[in-house]
Amino acid sequence: MTTLRRKLPFDPWHLALLPATLLLAAPLLWMVLASFMTSEQLYRFPPTIIPSSLHLDGYDYLFGNTEVGTWFLNSLIVSGVCVVANVLFCSMAGYAFARMRFRGSGVMLTIMLATLVIPFQLTLIPTFIIMENLGLIDTLGALIVPSLVTPFGVFLLRQFFLALPPELEEAAYMDGCSRWKILWTIVLPLARPALATVAVVTFLLTWNDVSWPAIAISSDGNNTLPLGVASFRSRSEQQPSAIMAANVIATLPVLLAFLAAQKTFVRSIASGAVKG
Amino acid sequence: MSTVFAQGPRTTARREGGAPPPRRRGLVERIFGETPSAWLYIAPAVVIIVGLAIVPVFWSLLLSFQDKDPIAETTSWAGLDNYRELLDDDAFRGAVEHTLVYTGLFVPLSILGGLGLALLLNKRVRFIGIYRTLAFVPVIVSATVQGVLFSVIFDDQIGIANGLLDKLGLGPQPFFSDGRQALLLLVLAGLWAGTSCISFCAVIFLAALQDIPRELTEAASIDGARSWGTFKAVTAPALLPVTVFLLLWQTVQGIQLFDLVYGSTAGGPGDSTVVVVYFIYRSIRESAYGIGAAASYLVVGGLVVVALLAWGGRKLAARRAGAGAGAAA
């Protein structure tokens, strides 16, 4: 190691880091490249790796032949409503579990903890039947309602609230501030990092989920973006560049959010495991 | 549900804000020991989580013993018929087998890969921020997008993978048109991107690595420990809790596999990549709720038994070790 370090003008760990990270990012980079190629370029054998020219054919085809705009909007509605609802409802429940004493709090907390490890397939069919009875199947409501509150968010916020010093809240309380007002004006502004984590995790999970939407949604106009992409792929195998364009559009919002707030994202993903 | 609302009348007993803050309990609160209005705060969470997670678990069990006629819309008690039918069903047995193969490969590979990647990303070198960004990006990619992407990359006709093999002077592979290769490609796709990929495990491991005080590893190396020694004495024990968490988490993710299959093979070719959740998905599409519910209970029940055995085994081993230590003392 030391002899190698003396010979190289840079740290030898770069020799492992560069190929490893490039390899991980390679499929995504190629996805972006392929979306700008024509089908002819992709169909050539052996297939093109680095194209000589870039085209918008894939995007043209995608926008001309699918409801990709509607899918995008649907995804935005579902994720948006779920993020707002989670931040609100998880804060309320987390605050109650952290700061209020009430009969049944222990039991309810245990029940919620238990749901964290329930595999999704166990709840799938009854959830479908409940949504059917509510008349929500094949509407965006079926995608929103089950994700309005996540036990993960409740726990994360409870832990965060428990770690806040209670003196400030007590002082406000003595001044006649109601609990509801304390939550909104004192606790939540202090909890911004934790709220960001809940928002990021909810956004990621709802934006990317397909298991439940695939079951609950059947008409094209109600597809979310990943669902639409999958159905588009099975319908038009002959349009690889348009398929890649759809993939790019499905990934772009999350990618931009990730690049803009990488620290929050990474911390959010890690907090689910290390502290959760 | 009834246990929840059995507490209902208490919420009317006192108004919000009627009790002093929890840290300084007054006489009234010492007697009642509670803030009933808290139930208003947790009500949305309780309704959604109990209604759409706890109730369905028991409902599923009930459904698994029933047989629903989709046309006449009548439900009859089927006893264990659904379970018997499933155990004789080759499609279901195949689905279980594919799920086990996927999970068996995916869990250890993702954890080992994630550990290796995290150790690399924990090095203090230049541009480490860029390396981390590149390495973490796959986590945010939807499994469906990943499935679609891999099905194009590994297409036997136009896929870039066969193009690369050709450049290397190797023959083309059938990839997704071959059942066995298709399942292995799903493992590869699952490792590469999505919310439980290698990068995800690396995020978790890296967070744990960064919680280890530098002084600890430095002290170990000053004491003459080589890097492997430091790893064994300091790093590995510190990573044990997250490793246990990841084993559990990745296993649950493995048996829940659906998105990747949906985005790439749709169960094909033949039924060679039908996994359990995909099997359940198809039974819902056919309104065969009883079969689907029984399938989920068979799989989860099997897993719970395995987990209990593993847990029991560890307890037994710990007790034996404890007894041994006691005898030695």
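Residues are numbered from 1 along each chain as its sequence is written, and chains are lettered from A and ligands numbered from 1 in the order in which they are written. Because the model is predicted, local features need pLDDT of at least 70 and side-chain atom pairs count only at pLDDT 80 or more, whereas totals for chains, interfaces and linings use all residues.

View 1. The model scores ipTM 0.84 and pTM 0.83. The pLDDT is the predictor's confidence in each residue, from 0 to 100. For chain A the mean pLDDT is 87, with 94% of the residues at 70 or more. For chain B the mean pLDDT is 82, and 86% of the residues reach 70 or more. Within chain B, helix α1 (residues 2–5) is lowest at a mean of 31, while helix α6 (residues 90–121) is highest at 94. The pLDDT is below 50 over residues 1–20 of chain B, a stretch with 28 contacts in the model beyond near neighbours in sequence. Helices (H or I, at least four residues) and strands (E, at least two) are DSSP runs, numbered from the N terminus. Two residues are in contact if their C-beta atoms, placed from the backbone, lie within 7 Å.

**View 2. The contact between chain A and chain B.** Chain A contributes 86 residues to the contact and chain B contributes 88. On the side of chain B that touches chain A, helix α4 (residues 38–64) of chain B supplies the largest share, 19 residues. That side of chain B comprises 64 nonpolar, 16 polar and eight charged residues. In this classification Ala, Val, Leu, Ile, Met, Phe, Trp, Tyr, Cys and Pro count as nonpolar, Asp, Glu, Lys and Arg as charged, and the others, Gly among them, as polar.

**View 3. Helix α5 of chain A against helix α4 of chain B.** The axes of helix α5 (residues 68–99) of chain A and α4(B) come within 8 Å and cross at roughly 135°. Axes are lines fitted to C-alpha atoms, for helices over the stretch in contact, and angles run from 0 to 180 degrees between N-to-C directions. The two helices α5(A) and α4(B) are therefore oblique to each other; angles under 35 degrees count as roughly parallel, over 145 as roughly antiparallel, 65 to 115 as roughly perpendicular and the rest as oblique. The crossing of α5(A) and α4(B) is left-handed, a term that applies if the near helix is turned anticlockwise from the far one by less than a right angle, with right-handed used if clockwise. From α5(A), residues A:Phe89, A:Met92, A:Ala93, A:Tyr95 and A:Ala96 meet B:Ala38, B:Tyr41, B:Ile42, B:Pro44 and B:Ala45 of α4(B). The residues of this contact are ten nonpolar, no polar and no charged.

**View 4. Helices α10 and α11 of chain A.** Helix α10 (residues 167–174) and helix α11 (residues 179–190) of chain A have axes that come within 10 Å and cross at roughly 140°. The crossing of α10(A) and α11(A) is right-handed. In α10(A) the contact involves A:Leu168, A:Glu169, A:Ala172 and A:Tyr173, and in α11(A) it involves A:Ile182, A:Ile186 and A:Val187. Six of these residues are nonpolar, none polar and one charged.

**View 5. Helices α12 and α13 of chain B.** The axes of helix α12 (residues 214–222) and helix α13 (residues 227–255) of chain B come within 10 Å, crossing at roughly 145°. α12(B) and α13(B) form a right-handed crossing. Residues B:Leu216, B:Thr217, B:Ala220 and B:Ser221 of α12(B) meet B:Thr230, B:Ala233 and B:Val234 of α13(B). This contact has four nonpolar, three polar and no charged residues.

View 6. UniProt positions are given in the numbering used here, feature names are shortened, and annotations may be inferred rather than shown by experiment. The chain A span 72–261 is 77% helix and 0% strand, its end C-alpha atoms 21 Å apart. The chain B span 96–310 is 73% helix and 0% strand, its end C-alpha atoms 20 Å apart. Spans listed by UniProt as "transmembrane region" (unreviewed entry) in chain B include residues 261–281 and 288–311. Residues 261–281 of chain B are 43% helix and 0% strand, with end C-alpha atoms 12 Å apart. Residues 288–311 of chain B are 96% helix and 0% strand, with end C-alpha atoms 35 Å apart.
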